[in-house]
Amino acid sequence: MTSNTSRSRFSLTALSLGLVALLGACASTPPPGSRSVSIERTTFGIAHITAPDYEGLAYGTAYAHAQDNVCQTAEHLLTLRGDRAQFLGAQNTGDFGLGRMPNAQIDLFVRYHMDDAALARAAATTNDEVKAALRGYVAGYNRYLQDAGPNGLPEACRGKPWVRPMTAADLARATEQSMIQGGLGALAGAVLAAVPPAPGAKTGAAPVALEQAVAEIGRHSFNANPEGGELGSNGWAFGRNATPDGKGLLLGNPHFPWNGTNRFWQMHLTIPGQLDVMGATGGLSPVVSIGFNKDVAWTHTVSTGKRFTLYELKLDPNDPTVYWVDGQPKKMVARTVALPAAATAGGAPVQHTFYATDWGPVVSLPRAGLGWTAQKAYAIRDANTLNVRSAESWMKMGRARNVAELRAAMGNQGIPWINTLAADREGNAMYADLSVVPDVSAEMLKACAPSPAAAALLNAAGLPVLDGSRSACAWHRDPSAAAPGIIAPARMPVVVTPDWVQNSNDSFWLSNPRVPPMAGVSPLVGPVGVPQRLRTRSGIMEIEGRLAGTDGLPGNRMGAAELRSVIFRDRNLAGMLVMDDLKAACTATATGAALSADQALGCRVLSAWDRTSNAESKGAALFREFWRKTKDLPKVWRVPFDPAQPVTTPTGLDMATPATREAVFKALGDAVGIVRTAGFAPDVALGVPQSRTVRGQKIALPGGDEFEGVLNKLESQGQPLIDPKGYAINYGSSYMQVVTFDARGPVAQGLLTYGQSSDPASPRAYDQLPLFAAKQWHPLPFHPADVQAQREGKPLQLAY
């Protein structure tokens, strides 16, 4: 009886949603059920979806994605509705953006921030194709729920009362949550921490050391935390001067989570005669976000651009909820959000009062010196709030015929927080940061710094803090920008070249070291003349070595086979930079001052290490733990950073300085103890602790952590240290593609490390991981004959 009731609920709700969707459709839309979408599956369950229009593509995409990930989507919808505490427990934790928070806190933030009326108004500004796709996605997901029934779902959500049909408002909230990941979403905890000081509180706060402030800001940052968990990527594009056949060549290697809706999912979308695009997308998305068509291929990397600024508020000494702008008092808007009684399980009501200003909601980061005192408070303004433009950007990118058209497709500035790298069949390569960045110039950052401490935070941590007591410090409004207050496309960095470009999450500065960077770019887009990530340096070294013919491979051009090989070399750049000095110091010490037993053992193991992070590499795990403890030591580098040599510096270990030498050897002995305490020999092969068991098979994984400078990045978010279970890999290389072109069109090979399904019981969960572990690639079937050759099962036809 429960099952039948649930089935009726699914059917009736889906029907009502369909009627609502029709109200938003144009009069020429065919009646429901008169069109059909085809879903074909090929090897590894890649979905090929064909329909006569975008509504049908989205309908089929949502249906097929739910076949693989319905429980993941259902839980994400629960998050977006602010209902996690009610169904999953108030104190249990869940994901919001990149970090884990108690469910009650997630719910409070979601219920405060998500404004369905404002989101609906924003959605109404999108074009007809986007509106149709959004209608189709909602209807397609609900069709799957209806077809499966509550008892036909995977175990994780089977029969759960929180599995409910999707609404248009849910999908709008999903877009908003994705857009604010780079700013307000990453600081959700700081919004919840903003509580006005008690009456009579001291006017100021205890000073905070700059180092502590920088560390705290890094902990909350979207793309600046080197200890793992941040979204990242490698993207390389080669033009006609760098490839053997003069065709464009692209590597896409995003480093994203292996869990949650930021997981990629592979699909191929076709509207006969109008669209033919293949690649991957995240959850609750009806468009290909990284991919290729017959003429052009593209990928994305997380940009260094800032998506927000903080505003320092000067408060009324008699009321900390009153702030001053241009000498006039303004009262903060207080709103109390309470969770439903069912969320408290009989306990005290869960509620929180949020405070908003004209600049945005108030935040508090006291450990960074940005707390709410009787004298000051801080508000955040996020440039991606109500950004509904991304779907249109990706739709147009899917139809682009070359790099120029791809660039034009991003002119509406819908790409929220990512760079774009692309290559076309004509042999053009492009790097473009056309993401959404507040329009604040270097001059304005200086003029609007409210204090020397704020200027120091900008210089040390890249955190922009502006003076909220002056309206002149509002973001510049350029009429040519797609939204008020963001930098217009003409003033964002773009490089189009027949040579090559790269990005590994550093700024536009070294997209190609031989191409001078664009002048006059706001510091909020990215820094120039600063030390680069080891991954960036490693990538440039690999590219330049290949094109110089000095990397051990034949020839001096980057072809598709060479590119697939290079990204899987798993060279550990940190090891390459420091091991000669460590080995020399070990040898010298062996004939001089005595080492401890663990230090001597560490010397022997690392002296024999091959300086890679291959699965069979003995000593790679020990080096990881050693370098984790060593990399931030004062004066650790023998050769400091030189802006004139940014790819080759800093380098070497400064073992000539006694304090550094002592600290380095201590770190080495400690690392031996850490690995041994976890239950592994110091010379254990990396693939023993760095592995994953899939259906009873233990799979040894190659790859290294962010701070090691390994291009093939693997991380353990939340548990970076080795323990008796090894490394809990849950981040890093995810969807990978290498694409070039021949006379027919794209020639693409790819991988999805964790597979199409997030359901552990599905045969599509981690079924591509053995391929990844073996450093093998899968030919991606784009052409009809290739699809036919790889087809699995019969096509599914759905009327809509």
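Predicted model: local features only at pLDDT ≥ 70, side-chain atom pairs only at ≥ 80, totals over all residues.

Biologist: OK, and what box do the C-alpha atoms fill?

Modeller: Roughly 85 × 75 × 55 Å, taken along the principal axes. Buried residues make up 58% of the chain's 800 residues.

Biologist: How many helices and strands are there?

Modeller: The chain has 21 helices and 32 strands.

Biologist: Let's zoom in on strand β5. Is it buried or exposed?

Modeller: Seven of the seven residues in β5, residues 232-238, are buried, so the strand is largely enclosed by the rest of the structure.

Biologist: Which residues point which way?

Modeller: G232, N234, W236 and F238 point one way, while S233, G235 and A237 point the other. In a regular strand, side chains alternate between the two faces of the sheet.

Biologist: Which strands does β5 pair with?

Modeller: One is β6, residues 249-257, antiparallel over seven bridges; there, P254 is the bridge partner of S233. Another is β22, residues 500-503, also antiparallel, over four bridges. In β22, V501 stands opposite A237.

Biologist: Switching topic: which residues have the most contacts inside the largest nonpolar core?

Modeller: W236, L582 and F626, in a core of 231 residues. Helix α2, residues 54-80, gives the most to this core, with 14 residues.

Notes: Residues numbered from 1 in each chain as written. Heavy atoms only, no water. Buried < 20%, exposed > 50% of the residue type's maximum accessible area, 1.4 Å probe, protein only. Helix = DSSP H or I, 4+ residues; strand = E, 2+ residues; numbered from the N terminus. Pairing = 2+ DSSP bridges. Core = buried A, V, L, I, M, F, W, Y, C linked by side-chain atoms within 4.5 Å.
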